[in-house]
Amino acid sequence: MSTKKDPSVWQGFKAFLMRGNVVDLAVAVVIGAAFTNIVNSIVKGIINPLVGAIGTQSLDNYSSCLKDPCRVSADGTVKSGVPIMWGSVLGATLSFLITAAVVYFLMVLPMSKYLARQAARKAAREGTKEVVDVTELEVLKEIRDALVAQRGAGHGER
C-alpha cells in the first residue's frame, strides 16, 4: 500500500493553468481579438469603399428564385417561394478573402521577412564564429607542429 497522496483536483487545475502553452494560447486569443478590430476597420473603412466605387457595397440583395413567387421580408424571413441567397454567400466569401489578404500582407508577410532577416543575421554570426574557431584551431595546430619540430630538431643536435 502506497502512502503517497494523489494530487488534488485543485493542484492539477493549477498545474494545467501554469503550463506555458495555456498562457501562450490565452495571450494569442486576446491579441487576435484586438487585431480583429484593426482588420475589420481596414476592411470597412478602406477596402469596402474601394469595392463599392467599382460595384455595390452590399451583395445581400442578390438572389435567385427556385420556386416562384419568391418573397422575402426585410428581416430576411422567407414568406413564399424558395430563394437562393447567393449574394450573401458571395459577400461573405469576398469579406473572408479581403480579410485574409489584409492579414497576410500587413502581418504575416512583414513578420516572416523580419524573422528571415533575424535568422540570416544569427546564421551569419554563427558562421563567422565557426570560421574564427576553425582558424584559431588551425593556428594552434600549426604552433603545436612547430613546437614538435623544434623539439625534434633540438634532440638531434645534442
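Biologist: Among contacts between residues at least 6 apart in sequence, what share joins residues at least 24 apart in the protein chain?

Modeller: Happy to start there, with a predicted model in which local features need pLDDT of at least 70, side-chain atom pairs count only at pLDDT 80 or more, and totals for chains, interfaces and linings use all residues. Residues are numbered from 1 along each chain as its sequence is written, and side-chain values use heavy atoms, leaving out hydrogens and water. A contact means heavy atoms within 4.5 Å. Of the protein chain's contacts between residues at least 6 apart, those joining residues at least 24 apart make up 40%.

Biologist: Thanks! In what order do the elements of the protein chain run from the N terminus on?

Modeller: Helices (H or I, at least four residues) and strands (E, at least two) are DSSP runs, numbered from the N terminus. The protein chain has 3 helices and 2 strands. From the N terminus on, their order is α-α-β-β-α.

Biologist: How much of the protein chain is buried?

Modeller: Buried means under 20% relative accessible area, exposed over 50%, and partly exposed in between, with a 1.4 Å probe and protein chains only. The chain has 158 residues, and the buried share of them is 6%.

Biologist: Which strand holds proline 69, and what is the peptide bond from aspartate 68 to proline 69, cis or trans?

Modeller: Good one to look at on screen. Proline 69 lies in strand 1, which spans residues 64-72. With omega near -10 degrees, the peptide bond from aspartate 68 to proline 69 is cis.

Biologist: What is the handedness of the disulfide of cysteine 65 and cysteine 70?

Modeller: A disulfide is a pair of cysteine sulfur atoms within 2.5 Å, and the structure holds 1. The sulfur atoms of cysteine 65 and cysteine 70 are 1.7 Å apart. Cysteine 65 is partly exposed at 31% relative accessible area, and cysteine 70 is partly exposed at 28%. The torsion about their S-S bond is about 85 degrees, so the disulfide is right-handed.

Biologist: Lastly, which residue forms a salt bridge with aspartate 145?

Modeller: A salt bridge is a side-chain nitrogen of Lys or Arg within 4 Å of a carboxyl oxygen of Asp or Glu, and the structure holds 1. Aspartate 145 is partly exposed, at 43% relative accessibility, and arginine 144 is partly exposed too, at 47%. With the closest N and O atoms 3.1 Å apart, the partner of aspartate 145 is arginine 144.
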